[in-house]
Amino acid sequence: MRSIKTIVIVIVALLALIVLSNTLFTVKETEQVVLTQFGKPVGRPITTPGLKMKVPFVQKVHAFEKRFLEWDGDPNQIPTKDKRFIWVDSYARWRISDPLLFFQRLHDERGAQSRLDDILDGETRNTIAKHELIDLVRSTNRPFVVAEDVAELSQPEAAERVEFGREKLTEEVLQNARRRTGDLGIEILDFRIKQINYVDEVRQEVYARMISERKRIAERYRSEGAGEAARIAGERERELRVIESEAYRAAQEIRGKADAEAADIYAAAYNRDPEFYRFLKSLGTLEESFDEETMLLLSTEGDLLRYLNGAR
Amino acid sequence: MEFNRSNIRRFRSPTVPRRLIGGLVLAVVALFVLFSTWFTIDPEEAGIVLRFGRFVRQVPSGLHIKLPYPIESVQKVPVERQLKEEFGFRTEEVGVGTSSTYSSEDLTAESLMLTGDLNVAVVEWTAQFRVRDPYKYLFKVRNVRNTFRDMNETVMREVIGDRSVNEVLTVGRQEIAAEVEQRLQQLCDQYETGIKVEQIVLQDVNPPDAVKPSFNEVNQAQQEREKMINQARADYNQIIPRAKGQAEQALEQAQGFATDRVNRARGDAELFVQVHAAYQRAPEVTRRRMYLETMSRVYPKVKKKIVLDDSVKGVLPLLSLENQTKVTP
């Protein structure tokens, strides 16, 4: 009868094991659990991890994520208030804040995702349609830092002011969405716009505008270059004139002064005896101007030949 | 089958004691339990020990023991390794000593973004990060890497969206990287990702391909401008210093002339004064002497001399004046 006894022991042990394994269960760090009894939730949701107990067979474990979950929106084509068509791709962080409510209202994550799709896409669309594109792109009215060499070349674009800014807009979406998810057992923690892009036709227009702006800047550079070159050429011309004329003036002044001084010197000397000066000068002239071509008609009455007619 | 069954029966015959079988099973279980009580953590990792799914402790690298299998388990997180996410491009193979190869996939959706002046820029970047808090990294956020990518894209676009395209392409790079880094870290903390952002590296920042040529044109125009200005400066430098030298020369010449003129005047004056002094001592004689001396020097030079006497009349018709240049009475 030993063998029967052994068999009984083994069966009892097995049964005990099965019961035990249905009584004990682990809750992971990343989980929170709702227990149901014949489909009806019992007790408070279990949110702490570790080894837990339940009534075997009767109660069932429903585990839900405790971590922050992601919601990734599909890129949506949305018109802004200023009638620009853009693609908007957004994401949100959410978590199951009340597993019981979540279980009742949405049953599982897939249900939650599709509900979030509805809510967030709708709210995104609403908010964006109410605002201008610039409010979606910019966050603040921070002035652009402009490299000195392109200063004042591209100012017109910078003039657009932001009334709300991206942060306020996403905050608006978040608040509106939160209001609609309050009774679903989920909490949206954050909503952000991941990508904004122009639809293709608009993008081509923007490219064309960028190209024309660049061309304008390039033209500006070229004309700046030509202008500066002309200015330098003018400066060169002017300086040349200044230098030359000043040199001329100074030289003439020096010469003039020298002439005047010379004249004074001559006058001072010759004034001692103007008559004698005339005499000397005449002699000098006489000597200089006579050459072999000169013909002299000499009168014997003159001083030189006075004695030709005899020593009268 | 028949054969097998009979075989087992024979095996279970009283010759082999049942205790031995039980003992063997126990030994196997014991071995299994024993082997699951120790574990090693690599130098770059940290170990997270869970007891029935609950976090109990974090252990550094090295050899550690734990309670056996069903009770405690270990998760390893590479806390020391620098992790990297790429945006707008993907490195397919990191080249060692050679250049890396990049995926040719079109990732412009990731890198194309609107700037604050509603233009478009293509920004490619990498985010380098580490796991600072393994507990948060594992248990606070599901799909952390994906979340981190989303955060990166968002923050980069926020920062770029507040800058003009010029700023993004030229002066703003450093500042953009710094601001993204800071904001991203803030967001990482807010989301409890346990991630420490080490560095944001802006790779290529470009205008979109369609616009690139016109950006190059601007650069070219800038070069042209410099060239024109330099040419003008060269002309200037070629002419002005020379003119200055010439001006100097003219002044020197004038100075020379002046000195010359004054000295000559002084000389002439001195000569006159001296001669005059001598003359005053004997005016009549000196005067005559000077006159005659001069004449005696002049006369020999003149070839044609005609002497007129009052008593001789009518000589004029004989003179042929054609070749004469000077007549002195």
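The tour visits a sheet in chain B and then a sheet in chain A.

This is a predicted model: local features need pLDDT of at least 70, side-chain atom pairs count only at pLDDT 80 or more, and totals for chains, interfaces and linings use all residues. Residues are numbered from 1 along each chain as its sequence is written, while chains are lettered from A and ligands numbered from 1 in the order in which they are written.

**Stop 1: chain B**

Select β3, β2 and β5 of chain B. These three strands make an open sheet, in the order β3-β2-β5, with antiparallel pairing. Strands here are DSSP runs of E, at least two residues, numbered from the N terminus. Two strands pair if DSSP finds at least two bridges between them.

Now colour the edges: β3 (54–59) and β5 (72–77) of chain B. Each has a single partner strand, so one side of each is left without a neighbour in the sheet. From one strand to the next, the twist averages 30°. Such angles run from 0 to 180 degrees between N-to-C directions, with axes fitted as lines to C-alpha atoms.

Zoom in on β2 (residues 46–51) of chain B. Five bridges join this strand to β3(B), and the two run antiparallel. Pick Leu50(B): its bridge partner in β3(B) is Phe55(B).

Strands of a sheet pair through backbone hydrogen bonds, either parallel or antiparallel.

**Stop 2: chain A**

Select β3, β2 and β5 of chain A. They form an open, antiparallel sheet of three strands, ordered β3-β2-β5. At the edges are β3 (40–46) and β5 (59–65) of chain A, each pairing on one side only. The twist averages 25° from one strand to the next.

Go to β2 (residues 31–37) of chain A. Four bridges link this strand to β3(A) in the antiparallel sense. Finish on Val33(A), which stands opposite Ile46(A) in β3(A).
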